[in-house]
Amino acid sequence: MHELAHIHFADADASYEDARYAIFGVPYDSTTSFRPGTRFGPRAIREISLNFESYEPSTGIDFCEVPVTDLGDLGVSRLPEDLVGQVTDVTIDIVGDGKVPVMLGGEHTATVGAVRAVAPEVYVVCDAHLDLRDELDGTPYSHGCVTRRVLETVEDVIIIGARSGDAEQFAVATEETQLYTADAVRERGITAVLAEVLGEIGERKAYLSIDADAIDCCFTPGLGTPEPFGMTPLDIREVVRTLAPHVAGFDYVEVAPFDSGQTAAVAAQMVREFIARHWVAGR
Ligand code: MN
Ligand code: MN
């Protein structure tokens with residue numbers, strides 16, 4: 001049998017059995033409130049990942065030596081509550097087999113399922129939006145409700161980079177989460193913010209979710225709900241580098257690749273950095 005071409009994340013060549021990291025895509029954007037297109041995110045992230053050298057200079061590791069597998073994309077259901085269930089199921093399998101889930105979005109809704117499966121004590125999210133609506137467009141599983149749903153199951157929620165939400169959501173954020181707005185990150189610097197976040201996490205199990213729109217849309221415009229005056233790609237890289245050793249599950253979501261590839265490029269590099277930093281810390 002000839003080996004047939006199959007787009008998968010670069011160097012994610014391990015068998016499922018041997019893998020320590022399991023990448024999977026969730027090409028879903030059915031609850032998207034503004035511009036659709038994040039369903040094409042996983043494919044764009046995989047394609048551009050092939051652009052990068054397998055050697056990762058900041059950690060000195062070569063991805064060819066890290067056991068990573070790419071399971072491909074979920075065949076997604078139409079209804080958001082079904083989608084969340086699907087993501088929960090596949091993530092439970094991955095975690096149950098002793099692997100670290102690395103999810104590519106797709107809209108943020110999928111994160112609810114992954115978090116349910118990983119069951120962290122601390123949830124850290126970088127997002128322009130608070131995502132704290134109780135319901136949006138008739139569903140509690142809209143991508144505008146993700147952090148609210150997570151809040152119902154996780155002890156502590158930390159939001160970094162937010163700059164959009166209504167007054168009610170900001171009230172919920174102030175009362176029930178640890179909120180670092182995009183302005184706070186700019187004023188205090190990401191290093192100081194992360195030192196505090198690490199203290200908050202302590203020895204507890206954490207999950208890290210990056211919504212691509214946390215980054216200022218002037219850097220990465222491939223977004224369904226773009227917001228200016230946000231974090232920089234370097235801020236996000238610092239978040240991933242610092243927190244990767246402490247988290248049990250990771251996702252990079254909301255990439256809508258109708259730009260020149262910069263949003264997917266940042267996403268692919270952050271997936272690589274996450275895996276590299278987590279792997280080096282665990283060795
Ligand atoms: Mn979001
Ligand atoms: Mn967002």
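Biologist: A salt bridge here means a side-chain nitrogen of Lys or Arg within 4 Å of a carboxyl oxygen of Asp or Glu. By this rule, how many salt bridges does the count come to?

Modeller: Twelve salt bridges. This is a predicted model, where local features need pLDDT of at least 70 and side-chain atom pairs count only at pLDDT 80 or more, while totals for chains, interfaces and linings use all residues. Residues are numbered from 1 along each chain as its sequence is written, chains are lettered from A and ligands numbered from 1 in the order in which they are written, and side-chain values use heavy atoms, with hydrogens and water left out.

Biologist: Thanks! What lets side chains pair like that, in general?

Modeller: Side chains of opposite charge can pair when their charged atoms come close.

Biologist: Let's take one. Which residue does arginine 204 form a salt bridge with?

Modeller: Glutamate 155, and the closest N and O atoms of the two are 2.8 Å apart. The two residues are 49 apart and link distant parts of the chain: arginine 204 is in the loop between α7 (190-201) and β9, and glutamate 155 in the loop between α4 and β7 (156-162). Helices (H or I, at least four residues) and strands (E, at least two) are DSSP runs, numbered from the N terminus.

Biologist: Is glutamate 155 buried or exposed?

Modeller: Exposed, because its relative accessible area is 55%. The cut-offs are under 20% relative accessible area for buried and over 50% for exposed, with partly exposed in between (1.4 Å probe, protein chains only). Arginine 204, at 22%, counts as partly exposed.

Biologist: And which salt bridge does glutamate 273 form?

Modeller: Glutamate 273 pairs with arginine 241, with 2.8 Å between the closest N and O atoms. Glutamate 273 lies in helix α9 (residues 262-282) and arginine 241 in helix α8 (residues 233-243), so this pair ties together parts 32 residues apart in sequence. Glutamate 273 is buried because its relative accessible area is 5%, and arginine 241 counts as buried at 19%.

Biologist: What about glutamate 196?

Modeller: Glutamate 196 forms a salt bridge with arginine 188, and their closest N and O atoms are 2.6 Å apart. Glutamate 196 counts as partly exposed at 36% relative accessibility, and arginine 188 is partly exposed at 40%. There is also a network of salt bridges that links Asp134, Arg148, Arg149 and Glu152.

Biologist: Switching to metals. What are the protein donors of the manganese ion (ligand 1)?

Modeller: They are His108 (ND1), Asp127 (OD), Asp131 (OD) and Asp211 (OD), at 2.1 to 2.2 Å from the ion. Along the sequence, these donor residues have the spacing H-x18-D-x3-D-x79-D. Aspartate 131 lies in the loop between β6 (122-126) and α4 (146-151) and aspartate 211 in strand β9 (residues 206-211), so this pair ties together parts 80 residues apart in sequence. By donors I mean N, O and S atoms within 2.8 Å of the metal (3.2 Å for Na, K and Ca); water is not among the atoms, so sites may look incomplete.

Biologist: And which atoms coordinate the manganese ion (ligand 2)?

Modeller: Asp127 (OD), His129 (ND1), Asp211 (OD), Asp213 (OD) and Asp213 (OD), at 2.2 to 2.5 Å. Their spacing along the chain reads D-x1-H-x81-D-x1-D.

Biologist: How far apart do the ions lie, and which aspartate bridges them?

Modeller: They lie 3.3 Å apart, and aspartate 127 bridges them. Aspartate 127 is buried, at a relative accessible area of 0%, and aspartate 211 is buried at 2%.

Biologist: How many residues of helix α3 are buried?

Modeller: Eight of the nine residues in α3 (residues 110-118), which leaves this helix mostly covered. The buried ones include Ala110, Val112 and Val118. Just after α3, alanine 119 takes a positive phi of about 50°.

Biologist: Last topic, the surface. Which residues form a negative surface patch?

Modeller: Glu17, Asp18, Asp89, Asp93 and Asp97. Patches are made of residues with over 30% relative accessible area and no salt bridge, joining like charges within 9 Å and nonpolar side chains (Val, Leu, Ile, Met, Phe, Trp, Tyr) within 5 Å. Aspartate 97 sits in the loop between α2 (80-96) and β5 (100-105) and counts as partly exposed at 44% relative accessibility.

How values were computed:
Areas by Shrake-Rupley, 256 points an atom, 1.4 Å probe, with all protein chains shown as cover. Lys, Arg positive; Asp, Glu negative; His and termini not counted. Charge placed at Lys NZ, Arg CZ, Asp CG, Glu CD.
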